[in-house]
Amino acid sequence: MIMASKYHDDWQSSKKTVLQRNAYMFDNELMSDVSFICGESSRIFHAHKYVLATSSTVFYAMFYGDLAQKESPICIPDAEEESFKEFLRFLYIDDCKITSAETAIQVIYLSKKYLISSLTEKCCKVLEAFIKPDNVFAVLEQAVYFDEKELEAKCWGIFSTNTVECIRSEAFCDIASQTLNAVLKRETLTITEVELFKGVLRWTDSECARQGINIEEDKTARRRVLGDSVHEIRFLAMSPMDFAKYVSPTGILTDAEIESVYQKFREVNVTDPKWKREKRQPCILGFSRFDPGNFRANSWSYDDVDSDALTLTVNKAVIFHGVRLFGNSRGSQYEVNFTIKDKDESVKGYYTSEPDNDGVSGYDVILPKPISLRPKEEITIIATIKGPKSDGGYNGKPSAKVDRIVVMFKTAPSDLTPNCTRKEFGQFYKIFLSKLL
């Protein structure tokens with residue numbers, strides 16, 4: 001019997017489903033009619049043209065088109081063994097085993113090359129779980145290269161909420177100049193300008209080293225390598241002392257530019273518009289889920305055990321900063337434990353009720369460290385409150401829109417909101433978000 005020495009008779013009977021039979025054929029020379037090698041590796045991957053061609057129009061053209069390839073094994077010079085193995089596995093069983101960000105990026109490259117969008121989508125979702133401050137830039141640059149907008153937004157979200165860690169990471173020194181410029185153009189950076197400059201200086205010195213430039217001998221090298229990106233640094237947001245200590249000696253600025261900055265510090269009228277004065281601060285937007293007047297005085301009570309909760313989603317990538325809760329008109333104090341389900345950030349403290357610009361009594365509860373939200377990502381916010389009765393909203397809106405950002409509200413699971421806040425009524429007067437630019 002053909003191949004009886006290697007494959008037992010009637011192996012098909014032990015495989016109860018198509019998926020099991022396909023899994024058995026993965027990287028199996030049985031009935032294989034094409035094989036592959038990767039780069040300079042000698043390992044041979046066995047495959048089946050029918051399986052590959054039914055998943056990829058590129059493979060279909062390779063095997064069944066007018067210029068079909070006949071040779072085997074086919075060399076894939078731009079793939080590594082591990083990534084190509086998982087790429088093939090997906091074609092056989094609609095799943096793959098990805099254990100690192102590097103492998104995910106390599107498999108995304110193959111999925112793009114062979115036009116397998118379902119694998120691209122899966123890898124991007126898997127890759128999100130691997131993103132950390134020390135690799136966020138590597139993933140970001142690949143997301144931009146592959147034009148994966150959602151993955152790019154996820155990277156910027158992690159960067160915006162972990163800016164200091166990202167800037168101080170060794171990986172920051174390896175980013176491309178275009179990425180550095182994109183970082184410096186951002187308005188929503190939770191880092192002081194002087195700390196940002198220190199990171200930029202580290203990047204500049206690393207780039208000089210990559211180019212074989214001795215910065216001790218070439219005093220203009222740093223500025224030359226940094227180029228026009230220097231104008232995105234907010235020198236005027238630093239203190240004069242920090243500017244003198246950390247910027248002036250570096251050679252990043254010319255003597256004339258240093259003098260113009262000092263004159264700006266002294267409020268001397270210098271006609272030099274290239275230095276930006278504004279600090280990088282997120283523009284926090286308030287999204288009210290009740291129209292003006294749709295609240296009742298002293299209608300909401302608390303027992304310091306039962307919580308109020310609300311579920312929400314957004315249409316764009318944003319930064320979530322906190323909420324405004326209803327208080328009362330007597331200026332009472334409330335003890336609040338505010339959390340977000342399945343997130344690490346929370347805040348607990350005492351707050352005093354005061355009227356806002358709309359005359360609604362309440363208090364802002366802001367996270368010590370904001371979190372990023374992706375489009376359509378669902379979160380549930382939870383507040384356990386201790387204090388006197390407060391006002392409460394009614395006729396709640398299903399959504400609120402500000403500056404093209406839309407927040408959609410829905411009632412949280414009943415076990416999370418035993419104090420009875422619902423989409424239509426209850427607590428959570430405003431949600432505070434900022435754009436993820």
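Which residues of H6 are buried?

Modeller: A word first: this is a predicted model. In H6, the buried residues are Leu-119, Thr-120, Cys-123, Cys-124, Leu-127 and Glu-128. Look at how those numbers are spaced. An α-helix has 3.6 residues a turn, so residues three or four places apart point the same way.

Now the helix itself. H6 covers residues 117–128, twelve in total. At 1.5 Å a residue it should span 16 Å, and its end C-alpha atoms are 17 Å apart, which agrees.

What covers the buried residues? The cover includes H4, helix H5 (101–113), helix H7 (136–146) and H8. Let us take H4 and H8 in turn.

H4 runs over residues 81–93 and has 13 residues. From its first C-alpha to its last it reaches 18 Å, close to the 18 Å expected at 1.5 Å a residue. Its buried residues are Ser-83, Phe-84, Glu-86, Phe-87, Leu-88, Arg-89, Phe-90, Leu-91 and Tyr-92. After H4 comes Asp-94, with a positive phi, near 60°.

Pick out Phe-87 in H4. Setting aside residues up to four places away in sequence, Phe-87 touches Phe-59, Leu-110, Ser-111, Tyr-114, Ile-116 and Leu-119. Leu-119 is one of the buried residues of H6.

The largest nonpolar core has 81 residues. Phe-36, Leu-52, Phe-84, Phe-87, Phe-235 and Leu-253 touch the most other members. Helix H11 (residues 193–210) gives this core its largest share, seven residues. Domain 1 (11–130) and domain 2 (176–266) each supply at least three residues to this core. Apart from it lies another core, of 33 residues, including Tyr-302, Val-314, Tyr-351 and Val-365.

Next, H8, another part of the cover over H6. H8 spans residues 149–161 and holds Ser-160. Ser-160 counts as buried because its relative accessibility is 3%, and the cut-off is under 20%. Thr-190 is 30 residues from Ser-160 along the chain, yet their C-alpha atoms are separated by 6.6 Å.

Move on to Ser-169. This residue sits in the loop between helix H9 (163–168) and helix H10 (177–184). With 9% relative accessibility, Ser-169 counts as buried too. Its side chain reaches the backbone oxygen of Cys-166 at 2.7 Å. Beyond its neighbours within four places in sequence, Ser-169 is in contact with Pro-133, Asp-134 and Arg-202.

Now step back to the whole chain. The domain assignment gives domain 1 (11–130), domain 2 (176–266) and domain 3 (284–435). The C-alpha centres of domain 1 and domain 3 lie 48 Å apart.

For contrast, finish with a strand. E12 covers residues 379–386. Six of its eight residues are buried, so E12 is largely enclosed by the rest of the structure. Strand E6 (residues 307–314) is joined to E12 by six bridges, and the two run antiparallel. In that pairing, Thr-311 has Thr-380 of E12 as its bridge partner. Strand E8 (residues 333–340) also pairs with E12 in the antiparallel sense, over six bridges. Here Val-336 has Ile-385 of E12 as its bridge partner.

Technical notes:
Residues numbered from 1 in each chain as written. Predicted model: local features only at pLDDT ≥ 70, side-chain atom pairs only at ≥ 80, totals over all residues. Heavy atoms only, no water. Domains from an automatic or database assignment. Helix = DSSP H or I, 4+ residues; strand = E, 2+ residues; numbered from the N terminus. Expected span 1.5 Å × (residues − 1). Buried < 20%, exposed > 50% of the residue type's maximum accessible area, 1.4 Å probe, protein only. Core = buried A, V, L, I, M, F, W, Y, C linked by side-chain atoms within 4.5 Å. Contact = heavy atoms within 4.5 Å. Polar contact = N/O pair within 3.5 Å; in protein donor to acceptor, adjacent residues only side chain to side chain. Pairing = 2+ DSSP bridges.
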